[in-house]
Amino acid sequence: MSKFLTASIGRKFVMSLSGLFLMVFIAVHLGLNLLLIFDDSGSLFNEGAHFMATNPLIKIMEPILGLGFMIHIIWSFFLEYQNWKARPVKYAKKNMSGASSWASRNMLILGALVLVFLVIHIIDFFWVIKFSPEEIEHLAKGDYDLVAGLFKESIFACILYIIGGVLLGLHLSHGFWSSFQTLGVNNKFWLKRWQVIGQIYAVVVAVGFSIIPLYFMLGLYK
Amino acid sequence: MADKILKELKIKVWRQKNAKSKGKFETYIINDISTGSSFLEMMDILNNDLIEKGIDPIAFDHDCREGICGTCSLYINGRPHGPDTEVTTCQLHMRKFKDGETIIIEPWRARAFPVIKDLVVDRTAFDKILQAGGFVSVNTGGVPDANAIPVSRDDAEEAMDAAACIGCGACVAACKNSSAMLFVSAKVSHLANLPQGKVEAKSRALNMVSKMDELGFGGCTNTRACEVECPKSISIMNIARLNREYLKSRLSR
Ligand code: HEM
Ligand code: SF4
Ligand code: FES
């Protein structure tokens, strides 16, 4: 088994499975967050957040999600290090843009930037809700005010969150179909299908996460 | 259409005395090259010039010069086998270049393909991968009737497409990870699709991938650069099959 986890294809399986798991989480997370802009009273979002905080299944999933992130991130560095080592003398002139997509060549950079965003994001919201709930208690509309409040008062935060959404979308524009290819769940018929579904998914993620801060930045709420 | 003449080209080429020495780029000027000549003919003309000037000619690999042996290599202007698609360097023509252009020529760069001299790299790593699993068991005795074993048309076609791989190493050179996955997947697919290849099916993918890792090739991240640069258009769908075959071998032990 340990041989499997360090073999080139084994490493990729780990990336793919953890990536697929994270993509399911992202879909759920986006669905819940969109409640922020569909109900300005905030009660829908608060109900959703309450459900997530109390549901036993979600409680079990929380540490598993954390683990999923850790595995994906740690393995990504192992994998990229091994791949980087495989070419000790670099080319003086490279012309790779015609042969492969930019996102596919920069998955580590995109992932690392997503990670930077993720840390800020966790400090902004998750940390507060989890470890200093007293900061939310005085807010009239609880969790909703914490999130919507940040977006209402800080254009900087809005822009940061828009960038975060776009970066994740770019990561997934390659990552989605790639994870099926890695598992071998692909053939000449499915390649195009996975890529189309992947592009749609990536656009939904990028646009979906971006319109939330945009909505507050442009003052579209009542 | 008559061939044009490229009056002057600057050839910036990697010179390295032997495997141990450090190596550096040298720039040579070459005049009056017909656009109808092949890239390797241009190299021959350049080497003649160098010999006349008492300079050691540039070492580069070539053999068949008709796109079937896979010996010629060269990373030209940032791409394996240069600016044309679906061709080897010996099939590349000078009409793909402009008068006055600087052409940068480098050897394949990969830890598993060390430079021996100038543009020549040691590709025995591919032979070692083949020895690890790219073979089938054959009974001694009489030759079996070719039609006795039914093979579906689709399987035969896919096996033949994969068998078109000439082992040139452009996939490794093109890959940002120096991965040999396209090569390995072509060899695995070519055998896994045919009944004759079933005997070793369980261990083949595992053994070949383990060898590939051991020799210092990188892993695949599905950028697809390999299939674009492959002179034989080997498809990355073979890599998906290799991944399946690998998973199967892993799970069966
Ligand atoms: C919510 C966040 C994330 C999701 C949904 C996600 C999803 C994915 C998916 C589906 C893949 C494709 C796996 C494959 O090709 O088999 C992938 C690859 C990758 N991820 Fe992420 N990822 C996320 C965050 C990160 C982070 C934080 C990093 C940190 C550095 C990262 C680094 C990478 C790298 C380097 C790859 C490339 C691996 C390869 O192409 O082989 N990802 N990701
Ligand atoms: S897969 Fe294509 S690029 Fe790679 S060795 Fe075979 S023929 Fe050359
Ligand atoms: S010399 Fe044989 S393929 Fe180019």
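1. Helices (H or I, at least four residues) and strands (E, at least two) are DSSP runs, numbered from the N terminus. By that rule B:S178 sits in the loop between α4 and α5 of chain B. Its phi is near 50°, a positive value in a residue other than glycine. Most residues other than glycine have a negative phi, and most peptide bonds are trans. B:S178 is buried at 0% relative accessibility, where buried means under 20% relative accessible area, exposed over 50%, and partly exposed in between (1.4 Å probe, protein chains only).

2. On the basis of the values: this is a predicted model, in which local features need pLDDT of at least 70 and side-chain atom pairs count only at pLDDT 80 or more, while totals for chains, interfaces and linings use all residues. Residues are numbered from 1 along each chain as its sequence is written, chains are lettered from A and ligands numbered from 1 in the order in which they are written, and side-chain values use heavy atoms, with hydrogens and water left out.

3. Ligand 1 lies between chains A and B. It has 27 residues around it, of which A:K12, A:H72, A:H171, A:S178 and A:T182 come nearest; a residue is near a molecule or strand if one of its heavy atoms lies within 4 Å of it. In chain A, α2 (8–33), α5 (56–85), α7 (107–131) and α10 (155–182) each supply at least two residues of this shell. By class, the shell around ligand 1 holds 14 nonpolar, eleven polar and two charged residues. The classes are as follows: Ala, Val, Leu, Ile, Met, Phe, Trp, Tyr, Cys and Pro count as nonpolar, Asp, Glu, Lys and Arg as charged, and the others, Gly among them, as polar.

4. The iron atom of ligand 1 has A:H72 (NE2) and A:H171 (NE2) as its protein donors, lying 2.0 Å from it. A:H72 belongs to helix α5 of chain A and A:H171 to helix α10 of chain A, so the pair ties together parts that are 99 residues apart in sequence. Donors are N, O and S atoms within 2.8 Å of the metal (3.2 Å for Na, K and Ca); water is not among the atoms, so sites may look incomplete. Both histidines are buried: A:H72 has 15% relative accessibility and A:H171 a relative accessible area of 14%.

5. The site of the iron atom of ligand 1 is octahedral, with angles of 87 to 179° among its six donor atoms. Under the rule applied, four donors count as tetrahedral if all angles lie between 85 and 135 degrees; four count as square planar and six as octahedral if opposite donors are over 155 degrees apart and all others between 65 and 115; anything else is irregular.

6. A polar side-chain atom of A:S178 is 2.4 Å from an oxygen atom of the ligand, and an N or O atom in the side chain of A:T182 is 2.8 Å from an oxygen atom of the ligand.

7. B:N222 makes side-chain polar contacts with A:S178 (2.7 Å) and with A:T182 (3.2 Å). A polar contact is a pair of N or O atoms within 3.5 Å; within protein, one must be able to donate a hydrogen and the other to accept it, and residues adjacent in sequence count only if both atoms are side-chain atoms. Leaving aside neighbours within four places in sequence, B:N222 is in contact (heavy atoms within 4.5 Å) with A:K12, A:H174, A:W177, A:S178, A:Q181 and A:T182. B:N222 lies in the loop between α6 (201–214) and α7 (225–229) of chain B and is buried at 4% relative accessibility.

8. B:R224 is also found in the loop between α6 and α7 of chain B. Its phi is near 75°, a positive value in a residue other than glycine. B:R224 is partly exposed, with a relative accessible area of 22%.

9. Ligand 2 is surrounded by 13 residues, the closest being B:C165, B:C168, B:G169, B:C171 and B:C230. Of chain B, α4 (170–174) and α5 (181–192) each supply at least two residues of this shell. The shell around ligand 2 has eleven nonpolar, two polar and no charged residues.

10. Chain B as a whole comes to eight helices and seven strands. Of its 253 residues, 52% are buried.
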